[in-house]
Amino acid sequence: MAKVFIYPATSLILSDLVARFGHKPLGAALGIRERIQTAGLESPPLQITPEEPKRGLKYAAVEVPSGVRGRMAIYGPLIEEAEAAVIVTEADFAFGCMGCARTDELILFTLRQSGIPILELKYPTNEEEGIAFVATIKNFLKGLPNGGEA
Amino acid sequence: MKKVRIAQLSCGAEYSGVQKEIYDAAESVGAEVFFPDIALADVERAVKKFGLDVKSADLKLMIARAMALVDGKIDADGVFIGTCFRCAEAAIVRNELRRYIPENSKLSVVSYSFTERTTAGTLLTRMEALTTIARRRALLAREEQTGITMGVDSGSSTTKAVVMKDNQIVGTGWHPTTEVLASAENAVTDALAMAGLTREDIQAVGTTGYGRFLIGKHFGADLVQEELTVNSKGAVYLAGHQRGASTVIDIGGMDNKAISVIDGIPGTFTMGGICAGASGRFLEMTAKRLGVDITELGPLAMKGMGKNVPMNSYCIVFGTQSLVNALAAGSSREDVAAAACHSVAEQVFEQQLQEVDIKEPVIMVGGTSLIEGLVHAMGELLQTRVVVPPYSQYIGAVGSALLASGFVKGE
């Protein structure tokens, strides 16, 4: 079983796919709602305190906005723990969503710098692409150590 | 009492750890913060219609929520816009929404860029102003003072008191703020003595400024109100411009206020307080270093040329250092005084006046409006004649006395 960081971190579909192939998904485990009644699209499920942006200084300097550092305090340790990553870009909000574009840039950069196996692919726009999308993720996950259909 | 509903449009508040501070600030002034409920499917549609193509999803959500408020799909009494300090993308959205909402609705807006160090105390006055505008619209519409009333403004540097009778100022008092209650007592004693009245003659009292709650309790005030709405009211009243649009600038001892006013009620406003280099305190330090009284700094500055002294610092410490270096290099005191005035005016212009729509007349109030060089520098930057009404240094006290007359028996 490998620890696989998923991006968008809130994608339940990606999280489910990773788990189905016998790996441990590392993400935010948040459901994207049809109606948004919270501060952000991916409002944190836990009580974030002003300490989190300070912990985030490990990943981003003090001149980086506090919201980025607060997010990195959560995602940074997960990236350190990850043994592989699946990155889906240009995803629909309903698939999974990250609220801050600057954090996204930093997360993706940190993942690419980490040297772990990474699968990067675009979000599908039709059924044909959708089938290929799932197949590509499946092959990637099966190729990871101890991967297999659950 | 029904809570005032403030719609929050923000990006990064939760992850910065300041959401609780926002809730606490609203709660302490009898307001509740809520997030306008919109459908996920509407977000991209709204952003396309608005035309600002940002990348961050939460900024898109802010835009969609602002449009839902303006379209009247969601009811609110005021709007709080908050984004992370130092985020350029967020600053663009914050700025455009701050403009868009008041231009297209009757909602009052306050905006703030926060860090993880932002506290409820920092946000309190801003939230209070939003609730005042929502709750006391009728009181804020008052244009004439009646009966005998007193206003006390407990500011960070000075405490002012004014006694008014039948729409006239009949007594004033002014003392440096040291011990808050003692300073207020002294100012009130002087104002009453000048008016030839006693406390028993006063029919209603209003308080404002940093010490408003403490002195309000002490004097049994009928009205305790933040300085944003009070000063706006006082400014347009004293300038004789109660109807129509105007802009009020108040450079205080600890923070600055820039308020876009319509018919005496603030529309948009900003309140800066991060850097002392743009405050009256810097001018006090300059006067001290030049060996003149603060009242002499303005006339001195009018005789000098600020451009002759290099000053390029936002910080009160390094700004003072620039002045010291200039004096050591042989600059005249006049030039240094002018440079200090220009520096403060420029910082207020760059940091705050960009956040409100400048509409003439521009009215400068507060103790610093008596510093001629500062008013001149502001006028040059704004390319307009700045109005300084009589009693401008007593603005908060006058506004309080005027509004307190709404509590005179029989009113």
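Tutor: We begin with a definition: helices (H or I, at least four residues) and strands (E, at least two) are DSSP runs, numbered from the N terminus. This is a predicted model, in which local features need pLDDT of at least 70 and side-chain atom pairs count only at pLDDT 80 or more, while totals for chains, interfaces and linings use all residues. Residues are numbered from 1 along each chain as its sequence is written, and chains are lettered from A and ligands numbered from 1 in the order in which they are written.

Student: How many helices and strands does chain A have?

Tutor: Chain A has 5 helices and 5 strands. Read from the N terminus, the order of its elements is β-α-β-β-α-α-β-α-β-α.

Student: And why is chain A called as compact as a globular protein of that length?

Tutor: The radius of gyration is taken over C-alpha atoms, and the globule rule is 2.2 Å times the number of residues to the power 0.38. For chain A the radius of gyration is 15 Å, close to the 15 Å that the rule gives for 150 residues, so the chain is as compact as a globular protein of that length. Its C-alpha trace spans about 40 × 35 × 20 Å along the principal axes.

Student: What share of chain A is buried?

Tutor: Buried residues are 43% of the 150 residues in chain A. A residue is buried if 20 or more other C-beta atoms lie within 10 Å of its own, exposed if 12 or fewer, and partly exposed in between, with C-beta atoms placed from the backbone.

Student: Now chain B, please. What are the figures there?

Tutor: Chain B has 15 helices and 15 strands. Its radius of gyration is 22 Å, close to the 22 Å from the globule rule for 411 residues, so chain B is as compact as a globular protein of that length. The C-alpha trace of chain B spans about 65 × 65 × 35 Å along its principal axes, and 55% of the 411 residues in the chain are buried.

Student: Which domains does chain B have?

Tutor: The assignment gives domain 1 (4-135) and domain 2 (140-228 + 395-407); such bounds come from an automatic or database domain assignment. The centres of these two domains of chain B, taken over C-alpha atoms, are 34 Å apart.

Student: Which residues touch the most other members of the largest nonpolar core?

Tutor: They are B:V79 and B:V162, in a core of 163 residues. A nonpolar core is a set of buried Ala, Val, Leu, Ile, Met, Phe, Trp, Tyr and Cys residues joined through C-beta atoms within 7 Å. Helix α13 (residues 333-351) of chain B gives the largest share of this core, 10 residues. Domain 1 and domain 2 of chain B each contribute at least three residues to the core. In soluble globular proteins, nonpolar side chains tend to be buried together.

Student: What does B:V162 touch?

Tutor: Leaving out residues up to four places away in sequence, B:V162 touches several residues, among them B:M150, B:I169, B:A191, B:Y394 and B:A401. Two residues are in contact if their C-beta atoms, placed from the backbone, lie within 7 Å.

Student: How many residues of each chain are in the contact between chain A and chain B?

Tutor: Chain B supplies 30 residues and chain A supplies 33 residues. On the side of chain B that touches chain A, β1 (4-11), β3 (38-39), α2 (40-50) and α3 (57-70) of chain B each supply at least two residues.

Student: Which strands are joined across the two chains?

Tutor: Strand β3 (residues 35-36) of chain A is joined to β3(B) by 2 bridges, and the two run antiparallel. Two strands pair if DSSP finds at least two bridges between them. The bridge partner of A:R35 in β3(B) is B:A39.

Student: A change of topic: which peptide bonds are cis?

Tutor: One of them runs from A:Y7 to A:P8, with omega near 0°; A:P8 is in the loop between β1 (3-7) and α1 (12-20) of chain A. Another runs from B:E360 to B:P361, also with omega near 0°, and B:P361 lies in the loop between α13 and β14 (362-365) of chain B.

Student: What is the phi of B:R86, and where is that residue?

Tutor: Phi of B:R86 is near 80°, a positive value in a residue other than glycine. B:R86 sits in the loop between β4 (78-84) and α4 (88-104) of chain B. Because B:R86 has 16 C-beta neighbours inside 10 Å, the residue counts as partly exposed.
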